[in-house]
Structure formats: structure tokens, C-alpha cells
Amino acid sequence: MPRKQRILSPHVAEAAPGLWSNCLQVGDTLYLSGLTSRANDGDTIQGSDEYEQSQFIFAKIKHLVEAAGGKIDDVVTLTVFVTRMSGNQGVWKARREFFTGDFPACALVEVKGLAKPEILVEIQGQARLGAGG
């Protein structure tokens, strides 16, 4: 059975030790934690709306998948958490800028709040290396 391996990217800051891993690889599958638009300083939130925050998050996903040797279109499923359902069009606009062909399977969930009040979007997902063709 393949062992899990932590995937790191210099473009995506890891959480403090003992909290979580942003991306784990088991075989050809990547498991991506819920990512926000928190900058690498661990505090600053990038983007003032759902569109800008989603752009930042999808860039993080892209960096992590590429660090594992894949490409963004290898992402097969996403769960998107938003604090305002009315902002979903911004998420979809950003998603269209990163994905082509068959888009990932996706769930959209409205939540009462995320880690900080200014965080409007959190996205988690899974990728299968080589699935994007």
C-alpha cells in the first residue's frame, strides 16, 4: 500500500506543526486541505471579494498540484465553502480562469463563518495525477 507523503510548495505556507498538512499524496491521489486566501505571512487575507479570494486559492491549488508533478486539470473534486451564497458567481468566474475541459465535480456550501471574518471563501479538493489528460 502506498504511504502518504506531504507535498510542499514555496508558494503556499504550511500551517504550524501539529495542525494540518495543506496537501498529502497517497499513490496518484492528492488530498488538499481547505485553503483560504491567507497570505504566506499567516495573517493577511488577499482579496476583498469572493472572486479575488478564489483566484488566490486556485493559484495555491495549482502550485500544490504542480509540486506533486501534476497539473491543475488533474483536480477531480472540490468543496467550496462561502459565507455569502450571493458571491458564488465570483467563485465560478475565478474557477473558469484556472480549469479547462471537464471541470471538477463540485459542491458549494454556505457557512455561517470561516476562520476570520474577512475570509469569504475556503476550498478543499482532491486530484488524481494524470487525470487531466
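**Contacts, packing and ring pairs**

Reader: Which residues does Lys-116 touch, not counting residues up to four places away in sequence?

Author: Contact means heavy atoms within 4.5 Å. Lys-116 touches Arg-38, Asp-43 and Ile-45, with residues up to four places away in sequence not counted. This is a predicted model, in which local features need pLDDT of at least 70 and side-chain atom pairs count only at pLDDT 80 or more, while totals for chains, interfaces and linings use all residues. Residues are numbered from 1 along each chain as its sequence is written, and side-chain values use heavy atoms, with hydrogens and water left out.

Reader: Where is the place of Lys-116?

Author: Helices (H or I, at least four residues) and strands (E, at least two) are DSSP runs, numbered from the N terminus. Lys-116 sits in the loop between β5 (105-110) and β6 (121-128).

Reader: Does Lys-116 count as buried or exposed, and how is that decided?

Author: The classes rest on relative accessible area: buried is under 20%, exposed over 50%, and partly exposed in between (1.4 Å probe, protein chains only). Lys-116 has 17% relative accessibility, so it counts as buried.

Reader: With which side chain does the side chain of Lys-116 make a polar contact?

Author: A polar contact is a pair of N or O atoms within 3.5 Å; within protein, one must be able to donate a hydrogen and the other to accept it, and residues adjacent in sequence count only if both atoms are side-chain atoms. The side chain of Lys-116 has such a contact with the side chain of Asp-43, at 2.9 Å.

Reader: Where is Cys-23 found, and with which residues is Cys-23 in contact?

Author: Cys-23 is part of strand β2 (residues 23-26). At 0% relative accessibility, Cys-23 counts as buried. Beyond its neighbours within four places in sequence, Cys-23 is in contact with Gln-5, Arg-6, Ile-7, Leu-30, Tyr-31, Leu-32 and Leu-64. From Cys-23 to Gln-5, 18 residues apart in sequence, the C-alpha to C-alpha distance is 8.5 Å.

Reader: At what angle do helix α1 and helix α2 pack?

Author: Axes are lines fitted to C-alpha atoms, for helices over the stretch in contact, and angles run from 0 to 180 degrees between N-to-C directions. Helix α1 (residues 50-67) packs with helix α2 (residues 88-98) at an angle of about 35°, and their axes are 8 Å apart. The crossing of α1 past α2 is right-handed; right-handed means the near helix is turned clockwise from the far one by less than a right angle, and left-handed anticlockwise.

Reader: Which residues meet in α1 and α2?

Author: From α1, Glu-50, Tyr-51, Ser-54, Gln-55, Phe-58, Ala-59 and Lys-62 meet Gly-90, Val-91, Lys-93, Ala-94, Arg-95, Glu-97 and Phe-98 of α2. By class, this contact has six nonpolar, three polar and five charged residues. Ala, Val, Leu, Ile, Met, Phe, Trp, Tyr, Cys and Pro count as nonpolar, Asp, Glu, Lys and Arg as charged, and the others, Gly among them, as polar.

Reader: Which residues of α2 are buried, and what covers them?

Author: The buried residues in α2 are Asn-88, Gly-90, Val-91, Trp-92, Ala-94, Arg-95 and Phe-98. Their cover includes α1, β4 (75-82), β5 and β6.

Reader: How many aromatic pairs does a search of the whole structure find?

Author: A pair of aromatic rings is described by the distance of the centres and the angle of the planes. Rings of Phe, Tyr and Trp (its six-membered ring) pair if their centres lie within 6.5 Å; planes under 30 degrees apart count as stacked, over 60 as edge-to-face and the rest as tilted. The whole structure has three aromatic pairs. Phe-58 and Phe-98 have ring centres 5.8 Å apart and planes at 40°, so this pair is tilted. Since Phe-58 lies in helix α1 and Phe-98 in helix α2, the pair ties together parts that are 40 residues apart in sequence.

Reader: Which aromatic pair do Phe-58 and Phe-99 form?

Author: At 1% relative accessibility, Phe-58 counts as buried. With Phe-99 it forms an edge-to-face pair, 5.7 Å centre to centre and 90° between the planes. Phe-99 lies in the loop between α2 and β5, and Phe-58 in helix α1, so this pair ties together parts that are 41 residues apart in sequence. Ring pairs link Phe-58, Phe-98, Phe-99 and Phe-103 into a cluster.
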